[in-house]
Each structure stands twice: as structure tokens, then as C-alpha cells.
Amino acid sequence: MALNTKIQLKDVYKAFGSKKVLNGVYLSVEKGQSLVVIGGSGTGKSVMIKSILGIVEADSGSIRIDGEETRGAAGKKREAVLDQFGMLFQGSALFDSLPVWRNVSFKLLQARRMPPREARDLAIETLGQVGLGPEVAGLYPAELSGGMQKRVALARAIAARPEIIFFDEPTTGLDPIMADVINELIVECVRKLGATTISITHDMASARKIADRIAMIYEGKIIWEGRKDEIDHSGNPYVDQFIHGRAEGPIQMQVLRP
Amino acid sequence: MTNTAPTLPVRVRSQALDLLQLLGRTFLVFLQATGNFAFFTIRSLSHCLRPPLYLSQIGRQFMDIGYYCLPVVGLTTLFSGMVLALQSYTGFSRYAAGAESAIANIVVISITRELGPVMAGLMVAGRIGASIAAEIGTMRVTEQIDALTTLSTHPYKYLIVPRLLAGILMLPLLVAVGDVIGVFGGYLISVYRLGFNASNYLDQTLRFVESIDVISGLVKAAVFGFIVTLMGCYFGFNSKGGAQGVGTATTNAVVSSSILVLTLNYFITGLFFGAR
């Protein structure tokens, strides 16, 4: 059981100044599993993912990948950790100075020194997997619609065949149909790669589609975790309020806060 | 009145405490900023010395600073040389004879020692410092810098090192070209406007200029190139928020690098010529 744990967080804390964002997070993801973390805005979802990547350094606790402690890893060790990751950013975060194919094969070109011709072929193949034709390869990100940018970003996240992929709000800002297209692409690509994934979202339709397990984060803590089909009768008032999108309940929105 | 009298000292005391607190906080913020900046500088420099280097990025920055700044730097030094010749003529002609050689000397010394590097430094601060801060700042707020990290590419190596190297190596080159153009500007005015003898003027220029004049100017250029690109990278890299944050970063980069160029210019001049 423990042998199959890909990512494990134990008692992770992170504060920015006096603002506590992560308040003792416990989380573990099995190899090949898809975990969706749901939660409102500002509950620490993004910070949690960034602390696993090491973009944000956690204050205390343990972050293990394949059983190996990575919190505070730097230099070569951090590079080795990052090498197995792919990430889809909320705003796509494509490099606007580079054409689409260089975006998709960026890691292969820069970090793995693949020859450009080979990288371009691979980029076109990966673009095909997300439903984009080879004519897109030469365009620049600014020439694409939001949905297409998301797909290019997805292609970039999977192009180097990572073992772990993070999805940060993969469907935010897309129309429901395009959101569903992206969800299906995520499920399909992940299955093909056999990757372990963590997605953060507040879109329940997306969560139900891509999750094996769902966890809910609230005030920097994981307050519920279970299988996808358990979420409708979790017996947790916080989860119930969130999945039904009710303004009344134990979670009080601080509307008056500036 | 009798009621409010005893409370007054308490209020004054709490105000004084507030003031102290504010001072303390400002000082701490200042220390933190200085520390951050020093740390950033050391990290950037250490990455300059460690592979891998991204050659295509370095090439792009070399073009940006070395080639695309040439027109701006050329024009400013040309007109500086021209105005120097004109002004020193109106000044020296009051004292009659010897104006011809004096003008050649003044133009070549001022251009190589001061105006070449300072003009180029300020122009590059406006052109390159601003664009670096805006570009890196936008990459920061759109998470492109985080994306670089997740794609196994170190942002310092990919974004900052090429720009610093280009600044340090290209600005002296720009200034060398600017020196020649500036002296040529002085020559144009002296010969075609003031009617001096052309070969005499060139002879005077070459006889008078010493290698230390040119070298000190080129050293200044390298330092200014480093400062301008470093400021652009630092403020861009640490920009926060959205469009407004990028705007602030750009302003800060240009203002701070311009001030530093002028300040450091004084100290480097002191180092080279102060003892004499």
C-alpha cells in the first residue's frame, strides 16, 4: 500500500506574513490515481500545489514524492523532482514570444536538448492528441482563442510524458461545452500516460468527470476526502454546502472584507 | 477642560509610540528590500557562471541591446558632440587664439570620458531597462515564470543571465561606436560650420586623447550595462498584481537605473581620475 503512494503531504504549513494559508495539510495520492481538490477561492489550493512543486517553499511539514522527502530540496535534486512534473496553469501561461510548437516542446528543446526537427514533429503529434491540427503549430498563442490556448497548454503539460501532472482550474473561463471537451481530453491523456494527477477546481462538473478521489480543502486544511461516488452522501456539512453551491451553511463568505 | 487635561499626555504618548512603530516598520521594510536585492544580485551572478547557458536567448538579447540600440545611442552622441563643439567655440572665442585645438580636446575628452557612457547608459535604461521590466513583469503576473520552472528550465538562467550578459558585454561596444560618432559630430561642426582645418582638427584629437580616457569610458559602460539590466530584471521578477504592478515595475526600473547610472558615474570617475 505504502509502496504505491506517489505523493504524500504530512502536516504542511505555509504562511505569508501573518496570513496562514496552509494549516497542516495531510494528503496522499496513489500512483496512477486522479485526485481532485475542491474548495473556494483563497482556501490554499494553489499554494498547496505550488509547495509540492517547490515554487512556494512550505514552512514546515513533509512533502514526499515516491517516498523521498522533497521539501527544501534545491539544485540537482530539485531539478530531478521537477523533471517528472507537468502542469496546466489556470491562465494557460503560454510563452507569448514563442510559436505554439516551441511552447509544446519547450521542455524537450530546452531541458532535454532535443533537435528542433524532432521536437516539432513530436509537438504536432501531441497537438493531435488534444484535437488540434498541424496548422496551429506555427501560430502564436495570442492568435488562439481561450479554449485553444487551454488545449495547447494541456499539450505542453503532457508532451514530455510526465509521471505527475497538476491541473490548476483547468475549466475556469471556458464555456460549458469547451469545459467538457477539456475534461475529456484530460481523462483521456492521463489514462494514456498512466500519470498521477492532482487537479484543483471549484467546478463540480469537472471534478466529477476527472476524479477518482475528491478532497475538500477549507481554511488551509483537508476537511474531507473520499471516493468520487461518496461525495453526495459525505455527511459533511461543509462538503454539502460546497457541492450544492449554497450561500447559507457552515462556510461563511466574508463579503464585507475589502 | 479639567476632564480632558489628564488624558492628553496619554494620547501624546500613544502617538509617539505610533510614530516609532511606523519608523521601525519602514526601517525593517527597507532592510528587507536591501537584503532581497543583494540576494537577487548574488544569485543572478552565480548563475552567470554555471552552465547550462541558453545560447539562443543570449543571442537575442545581444541583438536587442547591441544592435537595436545603435540608432538611439548614435543619434544622442552625434548631437552631444555637435553641441559640445558649438558651445565650447562660443566660450573660447571670447579668449581668442587657440580655440581650434581646445575644441578638439574638449570634444574628445568629454565624449569618451563622460557623455558617451552616460548618454548610452541613460538611453539604454529607457529603452532596454523598461522593456526588460515590462516583459519579465508580464511573465510573472501571467505565471509564465512558474511555468518555466515546471518545464525544468531555471528562470534565472533562461531570463536573467542572457540579459545581464548582454548588458555587460554589449554596452561597451555601443559606447565605443558612440565615441567615434560623437567625435565625428564635433568634427562636422568644427569643419563645416566653424571653418577649421579638417586634418588639423583630427590631428589634434588623436594627439590629445589618451587610452585611459577611452578605457575609463568603456569600464563605465560595462557597469552601466550591468546596472540597467539588473534593475529591469529585479523589478520585473518581483512585480506583483496585474497591469498596474507591471507599470510600477517598469517605472521603478527606469528611475532607479537612471539615478544609479548618474551616481555611479561620479564614483567611477573618482576611482579613475580622483587621485590626480
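This report describes the sheets, helix packing, nonpolar core and chain contact of a predicted model.

Residues are numbered from 1 along each chain as its sequence is written, and chains are lettered from A and ligands numbered from 1 in the order in which they are written. Because the model is predicted, local features need pLDDT of at least 70 and side-chain atom pairs count only at pLDDT 80 or more, while totals for chains, interfaces and linings use all residues.

**Sheets of chain A**

Helices (H or I, at least four residues) and strands (E, at least two) are DSSP runs, numbered from the N terminus. Two strands pair if DSSP finds at least two bridges between them. In chain A, six strands form an open sheet of mixed pairing, in the order 6-7-8-3-9-10. Its edge strands are strand 6 (85-88) and strand 10 (221-227) of chain A, each of which pairs on one side only. From one strand to the next the twist averages 15 degrees.

An open sheet of four strands in chain A has the order 2-1-4-5 and antiparallel pairing. Strand 2 (19-30) and strand 5 (68-69) of chain A have a single partner strand each, so one side of each is left without a neighbour in the sheet.

| Strand pair (chain A) | Sense and bridges | Facing residues |
|---|---|---|
| Strand 6 and strand 7 | parallel, four bridges | A:Leu88 and A:Phe167 |

Helix 1 of chain A packs on the four-stranded sheet, touching strand 1 (5-16), strand 2 and strand 4 of chain A. The direction of helix 1 of chain A makes about 65 degrees with that of strand 2 of chain A; axes are lines fitted to C-alpha atoms, for helices over the stretch in contact, and angles run from 0 to 180 degrees between N-to-C directions.

Strand 6 of chain A is covered on both faces: A:Phe85 and A:Met87 on one side and A:Gly86 and A:Leu88 on the other are all buried. A residue is buried if 20 or more other C-beta atoms, placed from the backbone, lie within 10 Å of its own, exposed if 12 or fewer, and partly exposed in between. A:Lys192, in helix 7 (residues 176-193) of chain A, counts as exposed because it has 11 C-beta neighbours inside 10 Å.

A nonpolar core is a set of buried Ala, Val, Leu, Ile, Met, Phe, Trp, Tyr and Cys residues joined through C-beta atoms within 7 Å. The largest such core holds 135 residues, and those touching the most other members include A:Leu127 and B:Val124. Helix 4 (residues 99-141) of chain B gives the most to this core, with 19 residues.

In chain B, the axes of helix 6 (residues 155-193) and helix 7 (residues 198-208) come within 10 Å and cross at roughly 145 degrees. The residues of this contact between helix 6 and helix 7 of chain B divide into six nonpolar, two polar and no charged. Here Ala, Val, Leu, Ile, Met, Phe, Trp, Tyr, Cys and Pro count as nonpolar, Asp, Glu, Lys and Arg as charged, and the others, Gly among them, as polar.

**Contact between the chains**

Residues are in contact if their C-beta atoms, placed from the backbone, lie within 7 Å. The contact takes 16 residues from chain A and eleven residues from chain B. Helix 2 (75-83), strand 6 and helix 4 (106-110) of chain A are the elements giving two or more residues to the side of chain A that touches chain B. That side of chain A comprises ten nonpolar, three polar and three charged residues.

Terms used:
Contact = placed C-beta atoms within 7 Å.
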